[in-house]
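This report describes how the secondary-structure elements of one chain are arranged, for a reader who has the coordinates at hand.

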Amino acid sequence: MAFVSDPISDMIVHIKNANARKHKTVSMPHSKLKMKILSIIKNEGYIEDFKEIDLKNNKKEILVTLKYKGNERVITNIKRISKPGLRVYVPVESIPSVQSGFGIVIMSTSKGLLTDKEARKENVGGEVIAYVW
């Protein structure tokens, strides 16, 4: 297994590629942060489901079931915003809107991982992790 300097970008690329090829499922290495991000994406209706799979020698993987409406992808695009080399932080007044509100912004705030709508409601800014639409 190769060293990954940005596991969130790696997860996003896994999802993007599987979605582009219209695969039903995609697996990736496990982390708690990925599980939280996938939980938000699932709650917002962009993926069908995800589950933790125990592998040999104490390793875990995440199996993500992608969602389609008929033959159309539910996730049009997913994009990493804040990267290890360039972190992107915004105050609550500057939280971006994705696709005129039809997409979501996943943010890391002092109150945990939130969508843009939840962050505005909680009145907190934070690091912009990704856009999903």
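Contact is taken to mean heavy atoms within 4.5 Å; helices (H or I, at least four residues) and strands (E, at least two) are DSSP runs numbered from the N terminus. Axes are lines fitted to C-alpha atoms, for helices over the stretch in contact, and angles between N-to-C directions run from 0 to 180 degrees. The model is predicted, so that local features need pLDDT of at least 70 and side-chain atom pairs count only at pLDDT 80 or more, whereas totals for chains, interfaces and linings use all residues. Residues are numbered from 1 along each chain as its sequence is written, and side-chain values use heavy atoms, with hydrogens and water left out.

The open sheet has three strands in the order β1-β3-β2, with antiparallel pairing, where two strands pair if DSSP finds at least two bridges between them. Because β1 (25-29) and β2 (47-54) stand at the edges and have a single partner strand each, one side of each is left without a neighbour in the sheet. From one strand to the next, the twist averages 20 degrees.

| Strand pair | Bridges | A bridge partner in β3 |
|---|---|---|
| β1 and β3 (residues 60-66) | five bridges | L63, for S27 |
| β2 and β3 | seven bridges | L66, for I47 |

Five residues separate β2 from β3 in their hairpin, and N57 in the turn has a positive phi of about 40 degrees.

Helix α1 (residues 7-20) packs on the sheet, where it touches β1 and β3, and its direction makes about 165 degrees with that of β1. Helix α2 (residues 32-43) lies across β1, β2 and β3 and runs at about 155 degrees to β2.
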